[in-house]
Protein chains: 2
Amino acid sequence: MNASVITIGDEILIGQIVDTNSVSIARHLNSAGIVVREKVSIGDDREQIVATLARSLAASQVVILTGGLGPTKDDITKKTLAEMFGSELVCDPVVSAHVERMLAARGIEFNSLNRSQAFVPAGCTVLFNAHGTAPGMWFEHEGRIVVSLPGVPFEMEHLMHDEVMPRLKARFALKSIVHRTLITSGLAESMLAARIEPWENALPSYLKLAYLPNPGAVRLRLSAYEVEGESVACEIERQFEALRAMIPEYVVGYETASVQELIHHALTAAGRTLAVAESCTGGTIASRFTAMPGASAYFRCGVVSYSNEAKTDLLGVDPDAIRRFGAVSEQVARQMAEGVRRVAGADFAVATTGIAGPAGGTDEKPVGTVWMAVASPRGTVAVCRQCGTDRGQIIDRAASFAIALLREELSKN
Amino acid sequence: MNASVITIGDEILIGQIVDTNSVSIARHLNSAGIVVREKVSIGDDREQIVATLARSLAASQVVILTGGLGPTKDDITKKTLAEMFGSELVCDPVVSAHVERMLAARGIEFNSLNRSQAFVPAGCTVLFNAHGTAPGMWFEHEGRIVVSLPGVPFEMEHLMHDEVMPRLKARFALKSIVHRTLITSGLAESMLAARIEPWENALPSYLKLAYLPNPGAVRLRLSAYEVEGESVACEIERQFEALRAMIPEYVVGYETASVQELIHHALTAAGRTLAVAESCTGGTIASRFTAMPGASAYFRCGVVSYSNEAKTDLLGVDPDAIRRFGAVSEQVARQMAEGVRRVAGADFAVATTGIAGPAGGTDEKPVGTVWMAVASPRGTVAVCRQCGTDRGQIIDRAASFAIALLREELSKN
């Protein structure tokens, strides 16, 4: 079964926000065996909404829209849907009471704009939004489903999980989609592809292989769409095992787990602890670990030692080492990792120090030069990586490379 | 002038990655006065690429595609474009030499897959990709422009900046788009809308107002499209000033600067310094500041004090306060802010401690409870905020609220 996702809002088209809603919606649909064939972002424009929805309905049995449901004039999705489906807007008393209660709790007056949030097209099924004032709406139209959800990511997410997915599962007999992902590290995409080419060429037509390169890792994803019956499910497992057996030395994990998730599980299972000292990555490594539920079991502390004083005072880095070798050096990276490991009383520590730019580069140490170190019970290792030329990219890559180095050391301990 | 953006890749449709490419492309086009009317994401599927490109070409003078240019079998964009434009693939010697050199530097062998990167459709203009192996391609087709760029964000970004935008500016006489954004804080979206309603209703038709609510801030964006001549540019300034004058007490900034950018500029200009102590936000506040070029001028250090020991050992929080009031408490938040301010010798410090969940909540302190504090030369303030029920949302909101509190204190000092 096919679906289309439409996100509505001028702020998407001018690049003011990143659309994460369609990512989450695609994940939900995919995990239930619904193939997302297209995602479209359009502006708060009546004609475009009408045309895009009509086109999507011709190609997909399910269309999910988000956005354009706010109380203000620029939001026109609800009005447009009511017109398209020939129904008038009527007040829903449950939503009205909910909106009034929510606003009272926040000390916001219940004015005509907020009251309009409780009006929905007659004939649609209201999807109750416990976390916000704009309700979701479920329309059935000539055997197809149109769902309109608010654009606030958190509200949309709850409505997808609590309302939309259970209803879709009850309404349709869904076939499953199976994805199996292998995470590799240490072999470039093209060399990996050359190595597995004969196997890839011989894959049955219902299996699709995708390469997903990331800094420090290449993922290989094997997908079977619209799987029915046991035989296909067995075949994907058989092919996945054949793939794994071709490159065992490069396999570092499975599924879509990120390298930090692999470390998260390994540390949790082993009851070991982690500390982080960051200069150029500025808290990115710490935030990647602490974003995962349960990180407090092993994450002791992070120090963002941006200034030289922070390096010496908080981590015990030798001021003389900074003077002699510079803050971006093997010696300082090692001392940062060892320092934070000692201060935190942690089993493992990872550290970064580099030049994120745009200023601060020299001929010898150009922008993008990053030293990273991992201290563990086995001792300390340090590596220098060139992480690019763009500040955001350098921070992101340096964090990824440092986390990959940590995983490597973790596997040896 | 209109443009469409097409991002190609199954990984987008199954929700495996967040599409940031189209955001960046939209920003580039928008700033040059090109209106993005639609963004579409489709899979690595020949028929869909052909149909979507044909449809986009009917509506837009410029179509930018990204993705599907890798060396592996799942990437078919280049082949499909060559077929659509009736040209064969020919080897580009400059690209070929570049790819070979790049791979040699990385110790990757130059095999037939990599060699295929140097093949481009005859008749297209090659856009040299200094940062990767897949070149960009520029096609002219019946007076319309089709540009195909690699999907690696960093490579795409450089090609947009260095190659695509200069060529578009040279090729077309572009009208400008003017956006003016006012950042407000302290008044809910609906109350703001009620307050400015008469003004909004009287806006001339070529000016469009949008509400962009965020945790801790609502942005009001006034846009004029396809502006020609001085009068429109003057009118948007006049209306923007009228808007500002209606709500002066809620205006905290201008343009699309985030609150952390406002603080960044204020601290840099005043020569004052900042330190951060984070528990539940886990490095997110530090990473938001350090993501900005020049942050090292004021950012002293951050401490991610996840464990109680880190709070006491690194920040000098009184263990007795943790025992009596709990780690998530006003007392601990205050001591964290004061501690990191003292340790770092900084002028300002911000701290967070809360329950990010999903576990750890109690009746008295449910998941989402976050205490935040700001220590400054004027003393310390602390606030408790309920930041939601979802871990990612709680981290994000708590960081935003804490940064908003910092801005408030900064303005008083």
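**Two helices in chain A, up close**

A: Let's start with the residues that meet: A:Arg46, A:Ile49, A:Val50, A:Leu53 and A:Ala54 of α3(A) touch A:Thr77, A:Thr80, A:Leu81, A:Glu83 and A:Met84 of α4(A). "Contact" here means heavy atoms within 4.5 Å. Helices (H or I, at least four residues) and strands (E, at least two) are DSSP runs, numbered from the N terminus.

A bit of housekeeping: this is a predicted model, where local features need pLDDT of at least 70 and side-chain atom pairs count only at pLDDT 80 or more, while totals for chains, interfaces and linings use all residues. Residues are numbered from 1 along each chain as its sequence is written, chains are lettered from A and ligands numbered from 1 in the order in which they are written, and side-chain values use heavy atoms, leaving out hydrogens and water.

Back to our pair. The contact of α3(A) with α4(A) is made up of 6 nonpolar, 2 polar and 2 charged residues. (Nonpolar covers Ala, Val, Leu, Ile, Met, Phe, Trp, Tyr, Cys and Pro; charged covers Asp, Glu, Lys and Arg; the others, Gly among them, are polar.) Helix α3 of chain A runs over residues 46–59 and helix α4 of chain A over 77–84; their axes come within 10 Å and cross at roughly 55 degrees. (Axes are lines fitted to C-alpha atoms, for helices over the stretch in contact, with angles from 0 to 180 degrees between N-to-C directions.) That angle is why α3(A) counts as oblique to α4(A). (Under 35 degrees is roughly parallel, over 145 roughly antiparallel, 65 to 115 roughly perpendicular, and the rest oblique.) The crossing of α3(A) and α4(A) is right-handed. (Right-handed: the near helix is turned clockwise from the far one by less than a right angle; left-handed: anticlockwise.)

Now try a second pair in chain A. Helix α12 (residues 308–315) packs against helix α14 (residues 330–344) at about 40 degrees, with the axes 9 Å apart. This makes α12(A) oblique to α14(A), and their crossing is left-handed. On the α12(A) side you'll find A:Lys311, A:Leu314 and A:Leu315, while α14(A) brings A:Val332, A:Gln335, A:Met336, A:Gly339, A:Val340, A:Arg342 and A:Val343. Sorted by type, the residues of this contact between α12(A) and α14(A) come out as 6 nonpolar, 2 polar and 2 charged.

Chain B has a pair worth a look. The axes of α2 (residues 21–31) and α7 (residues 153–171) of chain B come within 10 Å and cross at roughly 20 degrees, so α2(B) and α7(B) are roughly parallel to each other. Their crossing is right-handed. From α2(B), the contact takes in B:Asn21, B:Ser24, B:Ile25, B:His28 and B:Leu29; from α7(B), B:Pro153, B:Met156, B:Glu157, B:Met160, B:His161, B:Met165 and B:Leu168. The residues of the contact between α2(B) and α7(B) divide into 7 nonpolar, 4 polar and 1 charged.

Let's step back to chain A as a whole. It has 15 helices and 17 strands, and its C-alpha atoms fill a box of roughly 75 × 60 × 40 Å along the principal axes. Of the 413 residues of chain A, 59% are buried. (Buried is under 20% relative accessible area, exposed is over 50%, partly exposed is in between, using a 1.4 Å probe and protein chains only.) For contacts in chain A with a separation of 6 or more, 67% link residues 24 or more positions apart.

Most residues other than glycine have a negative phi, and most peptide bonds are trans. A:Glu142 has a positive phi of about 50 degrees though it isn't a glycine; A:Glu142 sits in the loop between β7 (136–141) and β8 (144–149) of chain A and counts as exposed at 73% relative accessibility. In chain B, phi of B:Glu142 is near 50 degrees, and B:Glu142 is exposed at 74% relative accessibility. As for peptide bonds, the one from A:Gly357 to A:Pro358 is cis, with omega near 0 degrees, and A:Pro358 lies in the loop between β15 (348–354) and β16 (369–376) of chain A. A cis peptide bond also joins B:Gly357 and B:Pro358.
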